[in-house]
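Please consult the sequence and the structure shown below.

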Amino acid sequence: MMGRMDQIAALVDRAEIVDVVTAVFDTVDAKNWPVCRELFDDEVDADFTSLNGGEPARIGADALVDGWRTGLHARKQSFHTVSNFAVTVDGAEAHVTAKGYAYNVLDEGLGGGLWEVWGVYRLGLVRQAEGWKVTALTFDAWHTRGDEAVRAHTMD
């Protein structure tokens, strides 16, 4: 049975982990790329195959965030929300599952349009000296709706 201090530590861990996960999506929507990058370890196991095909890959966090910067450019609005957090902590590692919804909207000057997605995010995190960092990010898309060209639109 957990002692009182262990229970408090577990609650603090959970709160910090949920805050990091939420911050990933909030910084993406705010296009705050430097802060977004700080939420990740140097390398990330990324799996967006449910949307993009291909294979899961271990990529540098700089490349991950740069991809978002290109795909979610200043003329594309995004809105991500996550909920129903299931958090497990095993020492210095954590795993989170959360339901997610997102939309992308292009500026009218780019033709407008809306694309939406519903699904489940799975994240791995590791505790580091400066706090929890994301080491793995998977998105399992359950349903999409709208103009696929909006999601695919990039600007360099």
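## Core and charge pairs in a predicted model

Leu-125 is in contact (heavy atoms within 4.5 Å) with Ile-17, Val-20, Val-21, Ala-92, Glu-93, Ala-94, Val-96, Trp-132, Lys-133, Val-134 and Thr-135, leaving aside its neighbours within four places in sequence. The model is predicted: local features need pLDDT of at least 70, side-chain atom pairs count only at pLDDT 80 or more, and totals for chains, interfaces and linings use all residues. Residues are numbered from 1 along each chain as its sequence is written, and side-chain values use heavy atoms, with hydrogens and water left out.

Leu-125 also belongs to the largest nonpolar core, a set of 32 residues in which Phe-40, Trp-68, Leu-123 and Leu-125 touch the most other members. A nonpolar core is here a set of buried Ala, Val, Leu, Ile, Met, Phe, Trp, Tyr and Cys residues joined through side-chain atoms within 4.5 Å. Two or more residues of this core come from each of helix H1 (4–30), helix H2 (33–38), S1, H4, strand S4 (93–106), strand S5 (114–128) and strand S6 (131–146). Helix H1 gives the most, with six residues. Helices (H or I, at least four residues) and strands (E, at least two) are DSSP runs, numbered from the N terminus. In soluble globular proteins, nonpolar side chains tend to be buried together.

According to UniProt, in an unreviewed entry, the feature "domain: SnoaL-like" lies at residues 11–137; such annotations may be inferred rather than shown by experiment. Over residues 11–137 the chain is 32% helix and 50% strand, and the end C-alpha atoms are 23 Å apart.

Lys-133 lies in strand S6. Is Lys-133 buried or exposed? Lys-133 counts as buried, because its relative accessibility is 7%; buried means under 20% relative accessible area, exposed over 50%, and partly exposed in between (1.4 Å probe, protein chains only). The side chain of Lys-133 reaches the backbone oxygen of Glu-38 at 2.4 Å. Beyond four places in sequence, Lys-133 is in contact with Glu-38, Leu-39, Phe-40, Asp-41, Gly-124, Leu-125, Val-126 and Gln-128. Lys-133 and Ala-94 are 39 residues apart in sequence, with a C-alpha to C-alpha separation of 9.7 Å.

Ser-78, in strand S3 (residues 76–90), is buried as well, because its relative accessibility is 6%. The side chains of Ser-78 and Asp-29 are joined by a polar contact of 2.6 Å. A polar contact is a pair of N or O atoms within 3.5 Å; within protein, one must be able to donate a hydrogen and the other to accept it, and residues adjacent in sequence count only if both atoms are side-chain atoms. Not counting residues up to four places away in sequence, Ser-78 touches Val-28, Asp-29, Lys-31, Leu-72, Tyr-103 and Asn-104.

### Salt bridges

Side chains of opposite charge can pair when their charged atoms come close. With a salt bridge taken as a side-chain nitrogen of Lys or Arg within 4 Å of a carboxyl oxygen of Asp or Glu, the count comes to twelve. The table gives examples.

| Salt bridge | Closest N and O atoms |
|---|---|
| Arg-58 with Asp-45 | 2.7 Å |
| Arg-69 with Asp-66 | 2.9 Å |
| Arg-151 with Glu-148 | 2.6 Å |

The salt bridge between Arg-58 and Asp-45 links distant parts of the chain: Arg-58 is in strand S2 (residues 57–60) and Asp-45 in strand S1 (residues 40–47), 13 residues apart. Asp-45 is partly exposed, with a relative accessible area of 37%.

Arg-69 and Asp-66 both lie in helix H4 (residues 61–71), three residues apart, about one turn of the helix. Arg-69 is partly exposed at 40% relative accessible area, and Asp-66 is partly exposed at 36%.

Arg-151 counts as partly exposed at 21% relative accessibility, as does Glu-148 at 36%. Elsewhere, salt bridges that share partners join Arg-37, Asp-42 and Asp-62 into one network.

### Positive phi values

Most residues other than glycine have a negative phi. Lys-31 is not a glycine, yet its phi is positive, about 55°. Lys-31 sits in the loop between H1 and H2 and is partly exposed, with a relative accessible area of 22%. Asn-84, in strand S3, has a positive phi near 55°. Asn-84 is exposed, with a relative accessible area of 52%.
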